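Please have a look at the model first.

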Amino acid sequence: MTTEFGGPGELGERERAVLALERRSWPGPGAKERAVREQLGLSATRYYQLLNALLDDPRALAHDPVTVNRLRRVRAAKEARR
């Protein structure tokens, strides 16, 4: 089944763009959120919802294992603090 993203075996353009934004480093507060709005046309809330779903997607892991594994570690650390 095809979603707003790519087909069953591939990441869509938006999914790849989300991961690309996560690979970058950001100069200061608000820069990332501004890029999310300008480049993807998403609110910060929707962006983080999509990102969180991507972290559980094996296609994302295959596409960018370094970024996905780093973000999984960050998520796990936050969950452990709760």
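Predicted model: local features only at pLDDT ≥ 70, side-chain atom pairs only at ≥ 80, totals over all residues.

**How helix 1 packs**

The crossing of helix 1 and helix 2 is right-handed, meaning that the near helix is turned clockwise from the far one by less than a right angle. Residues are numbered from 1 along each chain as its sequence is written, and side-chain values use heavy atoms, with hydrogens and water left out.

The axes of helix 1, residues 13-23, and helix 2, residues 31-40, come within 11 Å and cross at roughly 155°, so helix 1 is roughly antiparallel to helix 2 (over 145 degrees). In contact, which is to say with heavy atoms within 4.5 Å, are residues including Val18 and Leu21 of helix 1 and Ala35 and Val36 of helix 2.

With helix 3, residues 44-55, the axes of helix 1 come within 10 Å and cross at roughly 95°, which means that these two helices are roughly perpendicular (65 to 115 degrees). Helix 1 brings Arg14, Glu15, Val18, Leu19, Leu21 and Glu22 to this contact, and helix 3 brings Tyr47, Tyr48, Leu50, Leu51 and Leu54.

Finally, the structure holds 1 aromatic pair (ring centres within 6.5 Å). Tyr47 and Tyr48 form this pair, at 5.1 Å centre to centre, and it is edge-to-face with 80° between the planes (over 60 degrees).

Methods
Phe/Tyr/Trp six-rings, centres within 6.5 Å; stacked < 30°, edge-to-face > 60°. Axes fitted to C-alpha atoms, helices over the stretch in contact; angles between N-to-C directions. Helix = DSSP H or I, 4+ residues; strand = E, 2+ residues; numbered from the N terminus. Parallel < 35°, antiparallel > 145°, perpendicular 65-115°, else oblique.
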